[in-house]
Amino acid sequence: MILTADRIITPGRTIAPGWARVVSDRVTELGEGSPPSPADVVLTGTLVPGFVDAHCHGGGGASFTVGDADEAMEVASAHLRHGTTSMVASLVTDEVSELERHVRVLGELVTDGVLAGVHLEGPWLSRDFCGAHEPSLLRPPSREDVDRLLAAGGDALRMVTIAPELDGAMDAIRRVAGAGVVVGVGHTDATWEQAGEAIGAGATVATHLFNQIRGLHHRRPGPIAALLEDERVSIELISDGVHVHPAMLRLALTAAPGRIMLVTDAMGAAAADDGDYHLGPIHVQVRDGVARTPSGAIAGSTLTMAGAVRHSVASGFTLEQAVDAATRGPAAALGLTDVGRIEVGARADLVVLDEDLAVTAVMRRGAWQS
Ligand SMILES: [Zn+2]
């Protein structure tokens, strides 16, 4: 199948107009101008890679955090309609035995290709920066718990967020990273030194930078400075106009060019209506698209990745920067090698955006989604 589009955004270059040949689930040829033979599909708008969401708890009225396979498939298909073709399912803090069970259930969907991996956000987080995580269930990472969850997750476990200042955290970071799992630093009161030590131990992601993390200070720079300045670290941002001010989004982009990963951190109300929801064991109310716990803490977003791209462009990112941060950036951070870019040999995961950056068509693994 040959597709043509007004513009195709590829790593480092925008082709306008452009064409791509898709055979089975792969992009096999790519070019500028007219295709070598008549197009099978003429697309109006901009062709970009399918979005890669590294941090998502729910959507479409459903949630990953209950550990139910049918609900998890609903989440993935709700976000797929908005262009997310690779999705990491994020769990929130719960009893270790529950997390073990949930990781196993979601792991089967990773094996089936529905999900790109599972992210454990908690229980090894700071009580002072717990956000919408149940504080009574937070704990330091014991070797036994780390090994239990690594064993339950197997190859499906793609990421774990850890607060480096907790007892045993450096050992846990080394063990998790040593098992080939990405370590995120987040929900943390770490010092600049502790965050740097965590990076030295193998941490490579800043979990939703600026949210639920000790703030920047000119004499005590803290974890944000350590994460932004180290080129080994990719920076998650929740770009929804609620979690992070546009000036801070631009600050992160300037400090960490090429290392930004837009994430939704979405809960059940993304691509769904306001109402009462759950985020793991926590009750969440959604009003006017903003999710909060009873105490008023922001409890995840109602974003889609397409919404994050639109908001980033409205905040001053170029379209290329926003698309890169929604596709190649997160794929690289997660070690996903064949998604997140339109190039020869990559998976045919494609999204068409109109001039308002609304999603008008989605292809996943070479198949158009209706
Ligand atoms: Zn969080």
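Q: Is histidine 187 buried or exposed in this predicted model?
A: The model is predicted. A residue counts as buried under 20% relative accessible area. Histidine 187 has 3% relative accessibility, so histidine 187 is buried.

Q: Which residues does the UniProt annotation "binding site" cover?
A: The annotation comes from an unreviewed UniProt entry. The residues are spread over 88 residues of sequence, yet they cluster in space, with a largest C-alpha distance of 10.9 Å.

Q: Where is histidine 187 placed, between which strand and which helix?
A: Histidine 187 is in a loop.

Q: With which side chain does the side chain of histidine 187 make a polar contact of 3.0 Å?
A: Leaving aside neighbours within four places in sequence, histidine 187 is in contact with residues including Leu125, Phe129, His133, Ala163 and Gln212. Both Glu121 and His208 are also on that contact list. The polar contact at 3.0 Å is with the side chain of glutamate 121.

Q: What is the length of the polar contact that joins the side chains of histidine 208 and histidine 187?
A: Histidine 208 sits in the loop between strand S13 (203-206) and helix H6 (222-229). Not counting residues up to four places away in sequence, histidine 208 touches His55, Glu121, His187, Glu236, Ile238 and Asp265. The polar contact between the side chains of histidine 208 and histidine 187 is 3.2 Å.

Q: Why is histidine 208 classed as buried?
A: The cut-off for buried is under 20% relative accessible area. Histidine 208 is buried because its relative accessible area is 3%.

Q: Which residues make the nonpolar surface patch of about 230 Å²?
A: One member, leucine 251, lies in helix H7 (residues 246-255). Leucine 251 has a relative accessible area of 37%, so it is partly exposed. The patch is made by Leu216, Met248 and Leu251.

Q: Is alanine 314 buried or exposed?
A: Alanine 314 belongs to helix H8 (residues 305-314). The cut-off for exposed is over 50% relative accessible area. At 68% relative accessibility, alanine 314 is therefore exposed.

Q: How many Å apart in space are alanine 314 and threonine 10?
A: In sequence, alanine 314 and threonine 10 are 304 residues apart. Taken from C-alpha to C-alpha, the distance between alanine 314 and threonine 10 is 21 Å.

Conventions
Residues numbered from 1 in each chain as written. Predicted model: local features only at pLDDT ≥ 70, side-chain atom pairs only at ≥ 80, totals over all residues. Heavy atoms only, no water. UniProt positions renumbered as here; feature names shortened; annotations may be inferred. Helix = DSSP H or I, 4+ residues; strand = E, 2+ residues; numbered from the N terminus. Buried < 20%, exposed > 50% of the residue type's maximum accessible area, 1.4 Å probe, protein only. Contact = heavy atoms within 4.5 Å. Polar contact = N/O pair within 3.5 Å; in protein donor to acceptor, adjacent residues only side chain to side chain. Patch = residues over 30% accessible without salt bridge, like charges linked within 9 Å, V, L, I, M, F, W, Y side chains within 5 Å. Areas by Shrake-Rupley, 256 points an atom, 1.4 Å probe, with all protein chains shown as cover. Salt bridge = Lys/Arg side-chain N within 4 Å of Asp/Glu carboxyl O.
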